[in-house]
Structures are given as structure tokens and as C-alpha cells.
Amino acid sequence: MAAPSPWVHGVGLQVEGLGVLLRGAPGVGKSTLALELLARGHRLIADDVVQLDAAADGAPLLRPARPPLAGFLHSRALGWIEVPRLFGAAALAAEAPLGLLLCLTADPAATADPLPWPGPLPAERVLVTGLGHNLALLVELAVRLEQLRRAGHDPAADFAHRQAQALATRS
């Protein structure tokens, strides 16, 4: 018998085709950020509890952990929100391969608990809340950067190369 798939606290989304798992302490703003991303046309997989299943290649796959709650999102400010009624049926995704882990925190020194997954996971990035940052924009950009990285482009290496060339021409 196969071991049960792990359930994790967070919000699962599909942003530009990439599975994104928002993690962080209760009340940090995961669901509010998810609402903003839904308003921008992205898709909800699950709110509050997300299931990690293995895809055919063994990579983690985000799925709703509690089928009765599928399509619902809870906001501390607004209560229960039925996502398809507000954003349309296309605002829901049944699953997505995990491509990006984001930890929301008010404390930049905080670290997230490790995910219960036996194989490799994407590196977790920290998004600091409460600083006036447009977190939805940062999530979209983090997804685009991850897509570029997967296509073989490394902006940091490109910058370092250009800087080295500029310094070499000054000498």
C-alpha cells in the first residue's frame, strides 16, 4: 500500500502555468495574496491545506487536500469566498506541478519548516510582508524568473558577465 500523500499548510496556486505554494504563519496574508492573484487572472488549487502528490516523473504535484472545500478560500476580513462564483470556473485548477515555494513572513530572519517530501524541491524564497511591497507583482516576477531559469537563463550570471566585460574595457 502506498504511503498517504503529505498535506501542508498553505495556499496552492497556478501562476502562468507554474504551481506556486504560498507558506507562512496563520494570518500573514496568504489568502489575501491569493485573492489578489485570482483578480489578476491566476488560478486557485487549494486554500489552507494543500496536498503534495507525486507526478508521473516523481516531482511534487499540488492538489486540493480537502475536496469538500475545493473552490473555497477563507479571508479573515471577508469570510468564506466561493472562487468560481466570483472569478469564474476558469479560476480553479485541479493540480499543478510545484515549481515555486514562497514563504510569507513579517520577519525576514524567519525560516519555514521543511516540506515533507522525499525528493528534490524548489528552493524556497522569502517574501517579507508589511513593507508596502506589491506582493502579487513579486510573485508574478518570481514565476517569470523561474521560467527563465528553467530555460537556461541566469540573470545574476549575465549581470556578472556584463560587469566583468565593462571593467575589462576600462583597463
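Helices (H or I, at least four residues) and strands (E, at least two) are taken here as DSSP runs, numbered from the N terminus. By this definition the protein has four helices and 10 strands. Their order from the N terminus on is β-β-β-α-β-β-β-β-β-α-β-β-α-α. The structure is a predicted model, in which local features need pLDDT of at least 70 and side-chain atom pairs count only at pLDDT 80 or more, whereas totals for chains, interfaces and linings use all residues. Residues are numbered from 1 along each chain as its sequence is written, and side-chain values use heavy atoms, with hydrogens and water left out.

Taken along the principal axes, the C-alpha atoms of the protein fill a box of roughly 65 × 45 × 30 Å. A residue is termed buried under 20% relative accessible area, exposed over 50%, and partly exposed in between (1.4 Å probe, protein chains only). Of the 171 residues of the protein, 39% count as buried. A contact means heavy atoms within 4.5 Å. Among the contacts in the protein with a separation of 6 or more, 63% are accounted for by residues 24 or more positions apart.

The helices were examined next. Seven of the 10 residues of helix H1 are buried, so this helix is largely enclosed by the rest of the structure. The buried residues of H1 are Lys30, Ser31, Leu33, Ala34, Leu35, Leu37 and Leu38. An α-helix has 3.6 residues a turn, so residues three or four places apart point the same way. H1 is followed by Gly41, whose phi is positive, near 100°.

Val143 lies in helix H3 (residues 135–150). Val143 is buried, with a relative accessible area of 0%. Residues up to four places away in sequence not being counted, Val143 touches Val15, Glu16, Leu18, Val20 and Leu100. The C-alpha atoms of Val143 and Gly19 are separated by 9.0 Å, although these residues are 124 residues apart along the chain.

Helix H4 comprises the 16 residues 155–170. The expected span of a helix is 1.5 Å times one less than its number of residues. For H4 this rule gives 22 Å, and the end C-alpha atoms are 23 Å apart, which agrees. The N-terminal end of H4 is capped by Asp154, a side-chain oxygen of which lies 3.1 Å from the backbone nitrogen of Ala156. Such a polar contact is a pair of N or O atoms within 3.5 Å; within protein, one must be able to donate a hydrogen and the other to accept it, and residues adjacent in sequence count only if both atoms are side-chain atoms.

Gln14 is found in strand E2 and, at 15% relative accessibility, counts as buried. Apart from residues up to four places away in sequence, Gln14 touches His42, Arg43, Ile45, Ala93, Glu95 and Ala96. Glu16 lies in the loop between strand E2 (11–15) and strand E3 (18–23). Glu16 has a positive phi of about 50° although it is not a glycine, and is partly exposed, with a relative accessible area of 32%. Asp48, found in the loop between E4 and strand E5 (49–54), also has a positive phi, near 80°, in a residue other than glycine. The relative accessible area of Asp48 is 33%, and this residue is partly exposed.

Rolling a probe the size of a water molecule over the atoms shows where empty space is left. On a 1 Å grid over the protein atoms alone, a cavity is a set of points where a 1.4 Å probe fits but cannot get out, and a pocket is an open set with protein on both sides within 12 Å along at least five of seven lines; lining residues have an atom within 4 Å of a point. Grid points are joined across faces, edges and corners, and a volume is the space filled by probe spheres set on the points.

About 420 Å³ of space lies in the largest pocket. This pocket is lined by 25 residues, of which His9, Ser31, Asp47, Asp48 and His74 are the closest to its centre. Two or more residues of the lining of the largest pocket come from each of helix H1 (30–39), strand E4 (43–46) and strand E7 (72–75). The second largest pocket has a volume of about 200 Å³. Of the 16 residues that line the second largest pocket, Arg23, Gly24, Ala25, Ala112 and Asp113 are the closest to its centre.
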